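Morning, everyone. Please have the sequence and the viewer open. I'll keep this short.

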Amino acid sequence: MNINWFPKHMRSSEVVLRKNLKSADIIFEILDARIPRCSRDERIDLITKEKPRIVVLNKCDLSDDAGDRKWVAYFEKNGAKAVTVSAVHGNGIKKLIKSAHGALSGKTSKLHNMKDRKKAIMAMVVGIPNVGKSTLINAIAGKKKTKIANKPGVTKVKQRVTTRNQLELLDTPGILWPKEDEETFESLAFIGAIKDEVLDLETLSLSLMKKLIDFAPANLARRYQIHVHEQSPLEILECIAMKRGCIRKNKNIDYMRVSRIVLGDFRKGKFGKITLEMPENDA
Ligand code: G4P
């Protein structure tokens with residue numbers, strides 16, 4: 001699968017990001033809790049350097065609770081505060097706000113004592129496309145969804161979103177980029193962060209079967225009432241096709257249809273809460 005993951009205009013955002021960073025007191029680094037490694041831009045450590053940072057494991061309504069705990073422990077062991085959040089359902093938002101204040105407690109009280117300084121903390125939300133930056137900003141601000149453009153420069157005026165929590169958010173989120181290797185590409189495709197139009201869905205669904213055999217065989221078996229033990233990804237996919245009536249008039253299996261079913265089910269969380277990768281030294 002050799003394609004451009006994201007349009008070129010979305011790549012030259014580092015300058016925009018660095019510029020916006022100057023006004024930020026703290027960084028919210030948003031990751032997808034199902035794939036914290038693959039949804040991370042490792043340059044973040046270099047880009048944000050001195051700024052305090054909170055790792056936000058978003059979409060925790062779709063990730064495994066035990067996996068979440070392992071990732072939180074992993075990030076905290078490596079010196080970053082981490083919080084699990086579901087921006088669509090509102091879980092973890094209060095904890096995130098509290099953590100932000102906690103991380104800056106010395107600094108905010110100093111700011112409060114200076115009349116001419118702002119009282120609220122300024123948080124900049126950064127992350128790769130589709131990880132939930134806009135949804136999180138709206139959830140913290142208690143606003144209805146307004147999509148903030150992923151195109152750097154499109155939101156011409158940098159605006160501050162104020163909240164009732166002595167927290168302001170930069171409404172031009174910083175766009176980071178995932179690594180461009182096969183594993184990352186596949187993981188992003190599983191979760192629906194890359195358009196289906198540019199994907200080979202049949203190959204992808206076989207990779208997803210393999211991943212689920214490794215990480216969540218019981219969930220796979222339960223969803224389709226099938227046996228997965230000692231079955232190959234292809235045998236499993238064909239079995240699901242039979243169960244779901246994905247058979248053409250000529251009696252051949254309709255691989256495209258069954259592929260869409262399993263990918264759609266995974267993205268909607270129909271297999272239950274699943275984390276597709278664990279921290280190193282833990283798997
Ligand atoms: P971005 O700004 O980082 O690009 O991401 P955005 O907020 O646009 O979110 C991308 C997709 O992820 C949206 O779905 C959004 O609803 C979903 N999402 C964000 N946070 C969560 C979460 O905590 N849990 C779950 N399950 N989904 C989340 P979409 O299908 O692209 O749009 P929509 O139809 O839901 O509006």
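Confidence first. This is a predicted model. The protein chain averages a pLDDT of 86. At least 70 is reached by 84% of the residues. Two stretches need a flag. Residues 111–117 have a pLDDT below 50. Beyond near neighbours in sequence, that stretch has four contacts in the model. Residues 151–156 are also below 50. There the model shows 10 contacts beyond near neighbours in sequence. Where pLDDT is low, the predicted coordinates should not be read in detail.

Now strand 1, residues 26–32. How many of its residues are buried? Seven of seven. In a regular strand, side chains alternate between the two faces of the sheet. Here both faces are covered. On one side sit I26, F28, I30 and D32, buried.

Which strands does strand 1 pair with? Strand 2, residues 53–58, is joined to strand 1 by six bridges. The two run parallel. Within that pairing, E29 has V55 of strand 2 as its bridge partner. Strand 4, residues 121–127, is joined to strand 1 by four bridges. That pair is parallel too. There, I26 stands opposite A123 of strand 4.

Next, a helix pair. Two packed helices are described by the angle between their axes and the distance between the axes. Take helix 10, residues 233–243, and helix 11, residues 255–267. Their packing angle is about 95°, and the axes are 10 Å apart. Since 65 to 115 degrees counts as roughly perpendicular, helix 10 is roughly perpendicular to helix 11. Who makes the contact? From helix 10, it is L234, L237, E238, I240 and A241. From helix 11, it is Y255, V258, S259 and V262. By class, the residues of this contact are seven nonpolar, one polar and one charged.

Last stop: S187, in helix 7, residues 182–190. Is S187 buried or exposed? Its relative accessible area is 1%. The cut-off for buried is under 20%, so S187 is buried. What does S187 touch, leaving aside neighbours within four places in sequence? The contacts are I35, C38 and E277.

Methods
Residues numbered from 1 in each chain as written. Predicted model: local features only at pLDDT ≥ 70, side-chain atom pairs only at ≥ 80, totals over all residues. Heavy atoms only, no water. Axes fitted to C-alpha atoms, helices over the stretch in contact; angles between N-to-C directions. Parallel < 35°, antiparallel > 145°, perpendicular 65-115°, else oblique. Contact = heavy atoms within 4.5 Å. Nonpolar A, V, L, I, M, F, W, Y, C, P; charged D, E, K, R; others polar. pLDDT = per-residue confidence, 0-100. Buried < 20%, exposed > 50% of the residue type's maximum accessible area, 1.4 Å probe, protein only. Pairing = 2+ DSSP bridges.
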